[in-house]
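This report describes the model shown below. Please keep the sequence and the structure in view while reading.

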Amino acid sequence: MAVKVVSEIPGLNTKDLKLKGFKVHRLPASVDAPVSRARRDFYKMGLVTCNMTVYYGDRIVEIKDTVLFFINPNVPHSVVRRSKKITGYACLFTETFITGRARTGILKHSPLFHIGDTPVIPLNKEQTVFMSGIFQKMLDVHGGDYHYKSEVIRNCIELIIHEALRIQPAQNVPQFKNAATRITHSFMDLLERQFPVERSDQPLKLRTPQNFAAELSVHVNYLNRSIKEVTGKPTSVHIAERITAEAKALLQHTDWSVADIAYALGFDYPTYFNNYFKRMTGTTPKALRKGKV
């Protein structure tokens, strides 16, 4: 029997994700067909009880009980449900939504950013009840009119990440099935270690694929090939997206001048930064800071 692939995630309206940066929903009690997804523009985390197979990078994870799952959009992935019955919750959000000055540290060490870590954490009954309460809280807040609900959602996401790390601490030495996955993990870790940018007088040192290749002691062609193979995106795109996310955080959460931010992110002149930011986001740094987007 052929597996039917559907084009949308059951119960999800991605319009909310585009408008607010996040979406929380309860999974439907049943689905008409298995689901395979290749979309990679948001992070996914959830609590689920069902029979399904998760293809995550070079891993195959079978799920037949209740688990907490984390999906990094930089890792090729898909899901195939083996049965129609499913229960649980899911939360989807963009990196821009979750990345803030106070949260970057925990995210760096979480399953969301460590692509070598397992995306699935089994839960016992007590842990399931606790996690269900957090997801229900996010669902209630998301559907309400509380002015600071985005902040409540961010706090809930961070709490879930902390609990996941407490339940299943990350391995000190990740095991990789191939060299491409290993070098990709090293690159992503090295990229994240540069952030957050805390001082305007200490510009980023690693800004190009060549910079990272030299730091990792590999040829830039090998690095580019490995990153593209594992994540589906070029090395330069990962760097550009992360610098842009940090630029947004600095514009929104500091009083640094645009010139200081430009220098801190490695741009020789503010004009270069303005052109870069406009090309990446469609708006200017000053417009973003003034909330005119």
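Is F93 buried or exposed? F93 is buried, with a relative accessible area of 0%, where buried means under 20% relative accessible area, exposed over 50% and partly exposed in between, for a 1.4 Å probe and protein chains only. The model is predicted, so local features need pLDDT of at least 70 and side-chain atom pairs count only at pLDDT 80 or more, while totals for chains, interfaces and linings use all residues. Residues are numbered from 1 along each chain as its sequence is written, and side-chain values use heavy atoms, with hydrogens and water left out.

The protein chain holds twelve helices and six strands; these are DSSP runs numbered from the N terminus, helices being H or I with at least four residues and strands E with at least two. Of the 293 residues in the protein chain, 49% are buried.

A pair of aromatic rings is described by the distance of the centres and the angle of the planes. Rings of Phe, Tyr and Trp (its six-membered ring) pair if their centres lie within 6.5 Å; planes under 30 degrees apart count as stacked, over 60 as edge-to-face and the rest as tilted. By this rule the count comes to nine aromatic pairs. One of them is stacked: Y43 and F93, at 5.9 Å centre to centre with 20° between the planes. Because Y43 lies in strand 2 (residues 43-56) and F93 in strand 5 (residues 77-93), the pair ties together parts that are 50 residues apart in sequence. Elsewhere, ring pairs link F267, F273, Y276 and F277 into a cluster.

The table lists relative accessible areas.

| Residue | Relative accessible area | Class |
|---|---|---|
| Y43 | 3% | buried |
| F93 | 0% | buried |
| G266 | 22% | partly exposed |

G266 is found in the loop between helix 10 (258-264) and helix 11 (270-281). Leaving aside neighbours within four places in sequence, G266 is in contact (heavy atoms within 4.5 Å) with P203, L204 and R207. G266 and L206 are 60 residues apart in sequence, yet 8.7 Å apart in space, C-alpha to C-alpha.

Helix 6 (residues 179-192) and helix 9 (residues 235-253) pack at an angle of about 25°, with their axes 11 Å apart. They are therefore roughly parallel to each other, a term for angles under 35 degrees. Their contact is made by F187, M188, L191 and E192 of helix 6 and by T235, H238, I239 and R242 of helix 9.

Methods
Axes fitted to C-alpha atoms, helices over the stretch in contact; angles between N-to-C directions. Parallel < 35°, antiparallel > 145°, perpendicular 65-115°, else oblique.
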